[in-house]
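Biologist: I am new to this structure. Please take me closely through its aromatic rings.

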Amino acid sequence: MEIDKDKMLLTEATELRSHAEERLHAKTAQMHPPRNEEETQRLVHELEVHQIELEMQGEEFRQARDEAEAALEKYADLYDFAPVGYFSLDHEGIIRSVNLTGASLLEVERSRLLGRRFGLLVADEARPFFTEFLGKVFKSPDKEACEVALLKEGNSPLFVRIEGVVAASGQECRIVLINITERKLAEEKLRESEERLRLLIDGAKDCAIFMLDIDGRVTSWNEGAKRLMGWDAREILGRNFSLFYTEEAVVAGQPEHELEITAADGRFEEEGWRVHKDGSKFMADVMTNAIRDESGKLRGFSKITRDITARKRADEALRESEEQFRALADSIPNLAWRANGDGYITWYNRRWYEYTGTTPEQMEGWGWQTVHDPNELPKVLERWQASIATGESFDMTFPLRGADGVFRQFLTRVVPLKDSAGHVQQWFGTNTDVSALKRDEEMLRQQSEAALLLSEQEFRSLAEAMPQIVWATRPDGWNIYFNQQWVDYTGLTMEESYGHGWNTPFHPDDKQRAWDAWQRATQHNERYSLECRLRRADGVYRWWLIRGEPMRGADGEILKWFGTCTDIEELKRAEIALHEANALLEQRVDERTAALRKSEALYRGIGESIDYGVWVCAPDGRNIYASESFLKMVGITQEQCSNFGWGDVLHPDDAERTIKAWQECVRTGGTWDIEHRFLGTDGQWHHVLARGVPVRNEQGEITFWAGINLDISQLKQAEEQIKTSLAEKEVMMREIHHRVKNNLQVISSLVSLQADTLADERMRGVFCDVRDRVRAMALVHETLYQAGDLAYLNFADYAASLLQYLWRSYGALAEKVRFNLAIAPVTLPIEAAVPCGLILNELAGNTLKHAFPNGSNGEVTVGLELDPETQTVCLRVRDNGVGLPAGLEWRQSHSLGLRLVLMLAGQLRGTVETGPGPGAEFRVTFSLKGFKS
């Protein structure tokens, strides 16, 4: 290429010189010789001028030549190092010239390319296209282009775009090769990605995935959308997506509003009602995304819709069950809680927070350790972690700090809830305040020590008079005494029981545990406390609480062990009933969830098989078509159905109502929507939901009716099961209240029997106070058991029963005292009724004990009022007795009754005030707004 250019420039210079010489000869021939010296000098001068001009023209010529050579060199560089490949081809496609870039693209030396046929470098499948392209280039003056794959020496494909134009001579063409390999590979990856996306979308059978244009018209429709919504792609493409919304949502402009939000924020999510093709509604989880191009311009929207109706129903059933469980747990006087399988506590009942004065945030997880005695906490943690590791029940007594900073002893019981594989899913626990029982045991121990100091005979008399089993051992644990209660219960003689014979009547599952605990107590001088089963003389086992305390001398050495065995069979049954109720509640929830899932599976199966009756009727209501599935279901022919034979297979109770409704629908042109029963060929009555709409022409005239008959028998059965389940739960909750009331009455009776055995009047009074408090709580559960509403208590009826009980209990103290009941018909939530009843018990009891000394006459007025606007309740107890002692700071009093009144008022988040004399008046005011309605 460079040699051709040099020759061309040399030829042009030679021709120019030849022309100049010819012009010089012609000019010389025309010139005349000078006539004189002056003309000669003038000619010489002109020649000198011409010489200078020629020299200047020669200099300009040399500069032009240098510039041409520089431009030629620059052109050659641009040609060789251009970013694209340049080729010159003749008519046969032979390569006549190529730049360095073209050779580099093909990875072949330039010298090896010259003279080769370019078509041999083209891939086999692309050669016909290249041959056609080359023919077009030589035939057309315009630029032609094609895209082909070239084969390099390593056989790796090179995708290029070829643009060509014919040269001016018509003997060659110039072509340009542009490397488009990366673009082709990117296009292939994009195609593969789009194919995978298409397969993924079409494979999503459980959710609808479709696309919209910017106006909300459907542009794509997957198989999942067809299955969920009911429309085929041919029916829905190009239609507005508002078809899937309820009429109310369309009127409110919800579809357009959602697209506006999506366009602004890029994404929109919601849960709401959507509509199937047949008009039925379902709860959907919907996610909408905006689709934009590289410039950010909105191109459309993508939507994903899932049916969550069954999940929502299951969630609602579970929520209702959970609320009932919480209400029950909040109504019991015990502290209660629930933990995950790993011991992480997730919930406490209201009584826990009222007692500890803590918040849910403070107590979540392992925060409960903050209300434990630091000295006892390591042992509690060790026992609790052992139960978590083994999955065994947890049973232990330890102190818990109340909101007033005082530690009280609590008996803690924890049971695991396991799955079918035996893995612990949850733990349920209760904490029962046994501080009063502990004090009673402490008093018993002190009384026993005093009795021993006075005489052994007095101790034996006291022990024999007690309703409990009493025993004593030597310091090393060798038994030396049992009272007669032991002999009467076990049937063993004293001789058989002495020493270590006491272990004989223990239940086989408890015997080793009881023996190990007793050995540990005697070896480490610890208190002995154990719950186990003892065999009665008739062979029946009952639960007993066995406690032992060492009696020490002045030097701290153990002199003897004294202990008691208390029958707790009824208390254990109450706890077992509570745990069984919890487990049963969880089981019911699981069963309802399984039933809902089964109903969902049945619904999907019906939808997939399209197993429902489809029908078409003439404008006058006469059937002209019924689907085969409907005819097979009821066992009639199309001819019978067309002659209104479908009325013959209606249930007798539904026939007249259904036919009249259809006739009215035909008369008015309204929508057909009714439930009735058809007799199937299986001999069963099938509940059917029938729906139909009139199809009108442009003039508004009905041309025909179209509808479906959907078999909803399974749904009806599910509804009946749910109603039955709810009734069972209410019966179960009433039974729980009944059992709790019975257990509290047993405890009240036991305390009363214990009080009757005491000679100390002060101690007897203490036991009577405990009895009255337990009875006050029992009355709450008795009233709830008899009431129609388990969440609220008619406080007027409850107060009348409680005061009548108190007046009977106090006997002679209440004979001359009359009480007036001025309680408005107020119902209180169970959370407020229990502490309010205990307050009434304490105030009325204090009045009977202290207001009328020496049996004097008197009057007590009890009132309860409710301000409906502020929801404020005021409980008032007033007497006309001697009044409070002068100067008495009753809020600082050591009286347990007044302290309980203040503590219970605190639980109600209320206030306690006293009124002016004569007599004494206490007013407790609290609001119901803080309690669950």
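Modeller: Here is a look at the aromatic rings, pair by pair. This is a predicted model, where local features need pLDDT of at least 70, side-chain atom pairs count only at pLDDT 80 or more, and totals for chains, interfaces and linings use all residues. Residues are numbered from 1 along each chain as its sequence is written, and side-chain values use heavy atoms, with hydrogens and water left out.

The structure has 24 aromatic pairs. Rings of Phe, Tyr and Trp (its six-membered ring) pair if their centres lie within 6.5 Å; planes under 30 degrees apart count as stacked, over 60 as edge-to-face and the rest as tilted.

Take Tyr348 and Trp352. Their ring centres are 4.5 Å apart and their planes meet at 25°, so this pair is stacked. Both Tyr348 and Trp352 are buried (under 20% relative accessible area; exposed is over 50%, partly exposed in between, with a 1.4 Å probe and protein chains only).

Now Trp615 and Trp662. Here the centres are 5.8 Å apart and the planes stand at 85°, so the pair is edge-to-face. It links distant parts of the chain: Trp615 sits in strand E21 (residues 613–617) and Trp662 in helix H23 (residues 652–668), 47 residues apart. Helices (H or I, at least four residues) and strands (E, at least two) are DSSP runs, numbered from the N terminus. Trp615 is buried at 7% relative accessible area. Trp662 is buried at 4%.

Elsewhere, Phe87, Phe118, Phe130 and Phe133 make up one aromatic cluster.
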